Amino acid sequence: MKIEEHVMFTAKHKNWKVGDKLLVMRDENIAHFLASISNTVNMKISEYLIDVIDVAAVMSLAEDLAEGELWEVVKVLKSPKTSRKIGKMVFESDKKLKKQLVDVAKALLVRETLSRMLSVYYPEDPIMELKIMLPYKEDHINFTAKHGSWIVVKRLIIDEKTELADVARLLASINETITSKLPIYAEIDLKGIDEWFAGVKKAKSDVEIKTLVDKYLHFPAHRYAPSEFEKHARIYALRKMLEKVGLSLDVPAKPLEKYLEKKG
């Protein structure tokens with residue numbers, strides 16, 4: 001049986017019931033739809049971290065940190081003092097397991113802090129309603145895509161034994177897949193973005209961080225993406241800028257996977 005080319009996302013869990021499917025597979029359509037899914041999962045991840053991280057405390061700290069100039073905020077996010085604060089917000093005593101969760105909590109803090117200062121989401125609306133028939137009657141998260149040689153299936157059937165952190169892991173994994181594929185369909189020049197920031201290898205000092213943030217603030221997105229995807233290119237520029245100071249805009253899936261494996 002031949003599988004039709006498509007991109008689909010559905011979620012059914014508690015009060016969350018959403019779904020949509022793309023069948024008109026032009027590159028720009030795929031890019032916009034992937035961006036919409038990315039926004040959808042990123043807006044939900046924190047809700048599934050509440051058993052392992054004091055998410056309310058992270059949100060409160062984000063509110064406190066989102067003041068002043070951007071370079072100062074980035075500096076504070078990178079600081080050991082902030083890392084110590086984050087460590088206290090993780091519900092884990094085992095040092096090795098705790099490290100995995102600290103990485104997750106720190107990425108969540110970065111996204112939440114910066115979301116109060118600038119755009120960290122793509123311009124598309126998240127999926128907020130159920131537009132298609134759900135593929136499973138059970139509670140689940142489901143992301144599938146087939147386009148040419150690109151085939152992906154990311155799925156989790158949720159029952160009473162499923163840890164909330166495992167749902168967060170899958171949502172983070174879906175976002176990572178989209179992060180890698182969206183530039184292909186949106187024609188975002190990632191190599192060019194890397195070169196834009198190439199003058200700063202790793203930013204540690206105030207001067208280096210200021211220089212790096214200034215490069216981001218003056219990023220000429222129109223050079224690196226078609227006009228309808230300039231705002232998307234700015235998100236990739238933000239990711240690259242943060243990478244230079246050792247921070248992440250996206251909650252990583254791997255630490256959650258390691259945590260669940262070792263905890264299990």
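Visitor: In which loop is Ile50 found?
Guide: This is a predicted model, in which local features need pLDDT of at least 70 and side-chain atom pairs count only at pLDDT 80 or more, while totals for chains, interfaces and linings use all residues. Residues are numbered from 1 along each chain as its sequence is written, and side-chain values use heavy atoms, with hydrogens and water left out. Helices (H or I, at least four residues) and strands (E, at least two) are DSSP runs numbered from the N terminus. In these terms, Ile50 is placed in the loop between α1 and α2.

Visitor: Does Ile50 count as buried, partly exposed or exposed?
Guide: Buried means under 20% relative accessible area, exposed means over 50%, and partly exposed lies in between, with a 1.4 Å probe and protein chains only. Since the relative accessibility of Ile50 is 45%, this residue counts as partly exposed.

Visitor: Which residues does Ile50 touch, not counting those up to four places away in sequence?
Guide: A contact requires heavy atoms within 4.5 Å. With residues up to four places away in sequence not counted, the residues touched by Ile50 are Val55, Phe91 and Leu164.

Visitor: With which side chain does the side chain of Lys44 make a polar contact?
Guide: Lys44 also has its place in the loop between α1 (27–42) and α2 (55–65), and it is buried, with a relative accessible area of 15%. Beyond its neighbours within four places in sequence, Lys44 is in contact with Trp16 and Leu171. A polar contact is a pair of N or O atoms within 3.5 Å; within protein, one must be able to donate a hydrogen and the other to accept it, and residues adjacent in sequence count only if both atoms are side-chain atoms. At 3.0 Å, the partner of the Lys44 side chain is the side chain of Glu47.

Visitor: Which helix gives the largest share of the lining of the largest cavity?
Guide: On a 1 Å grid over the protein atoms alone, a cavity is a set of points where a 1.4 Å probe fits but cannot get out, a pocket is an open set with protein on both sides within 12 Å along at least five of seven lines, and lining residues have an atom within 4 Å of a point. Grid points are joined across faces, edges and corners, and a volume is the space filled by probe spheres set on the points. The structure holds one cavity of 30 Å³ or more, and the largest cavity, with about 40 Å³ of space, has Asn42, Ile45, Ser46, Leu108, Arg111, Glu112 and Val251 as its lining. The largest share, three residues, is given by helix α5 (residues 95–115).

Visitor: What elements give two or more residues to the lining of the largest pocket?
Guide: The largest pocket contains about 260 Å³ of space. Its lining includes Asp103, Lys106, Arg239, Glu243 and Gly246, and four of the lining residues come from α5, the largest share. The elements that give two or more residues are α5 and α9.

Visitor: What arc do the buried residues of α8 cover around the axis?
Guide: In α8 the buried residues are Ile209, Leu212, Val213 and Tyr216. They lie on the same side of α8, because the arc that they cover around the axis is only 95°. The arc is that of the directions from the helix axis to the C-beta atoms. What covers these residues includes α3 (70–78) and α9 (230–244), and the arc asked for is 95°.

Visitor: What is the length of the polar contact that joins the side chains of Asn142 and Arg155?
Guide: Asn142 lies in strand β3 (residues 140–147) and is buried, with a relative accessible area of 0%. Leaving aside neighbours within four places in sequence, its contacts include Met8, Phe9, Tyr136 and Arg155. The side chains of Asn142 and Arg155 are joined by a polar contact of 2.6 Å.
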